[in-house]
Amino acid sequence: MRFVWLALAVWGTVHPMSYFLAYMRQTGSGLTGLSQAWYVNASTTGLTWDLIIAAISLTVWVVYEAWQSKDGLRLLAIPATFCIGVSCGLPLYLFLRGRKA
């Protein structure tokens, strides 16, 4: 299963990022324009908050388990979650969690 998680982490990086980069190229607005688009209507705002809450929940879980297991490498899932997305951070965490310490 570890390599399924790794494959999902890669997919969760590349696929969403291709849309983000295309949008930023198309509009020329950069990260500011991208983040403003997340709040353009109630639907996107709801989805944005859904992902923010999921990211915070994942972060709490990662910190708790990393502290319990004394495995700091698992903390790499946190920047992956907030810099790329939950679609990368969660499967990356599951990949790291499944390795032999």
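Modeller: Here is a close look at one helix pair and its salt bridges.

This is a predicted model, where local features need pLDDT of at least 70, side-chain atom pairs count only at pLDDT 80 or more, and totals for chains, interfaces and linings use all residues. Residues are numbered from 1 along each chain as its sequence is written, and side-chain values use heavy atoms, without hydrogens and water.

Helices here are DSSP runs (H or I, at least four residues), numbered from the N terminus. Helix α3 spans residues 42-69 and helix α5 residues 86-97. They pack at an angle of about 20°, with axes 10 Å apart. The axes are lines fitted to C-alpha atoms over the stretch in contact, and angles run from 0 to 180 degrees between N-to-C directions. So α3 is roughly parallel to α5 (angles under 35 degrees count as such).

Contact means heavy atoms within 4.5 Å. On the α3 side, the residues in contact include Leu51, Leu58, Trp61 and Glu65. On the α5 side they include Leu90, Tyr93 and Arg97.

Now the charges. A salt bridge puts a side-chain nitrogen of Lys or Arg within 4 Å of a carboxyl oxygen of Asp or Glu. Arg74 pairs with Glu65 at 3.6 Å, N to O. Arg74 also pairs with Asp71, at 3.2 Å. Asp71 meets Arg99 too, at 2.8 Å. That last pair links distant parts of the chain, 28 residues apart. Asp71 is buried at 10% relative accessible area (buried means under 20%, exposed over 50%, partly exposed in between, with a 1.4 Å probe and protein chains only). Arg99, at 23%, is partly exposed. Glu65, Asp71, Arg74, Arg97 and Arg99 are linked in a network of salt bridges.

Notes. Helices (H or I, at least four residues) and strands (E, at least two) are DSSP runs, numbered from the N terminus. Angles under 35 degrees count as roughly parallel, over 145 as roughly antiparallel, 65 to 115 as roughly perpendicular and the rest as oblique.
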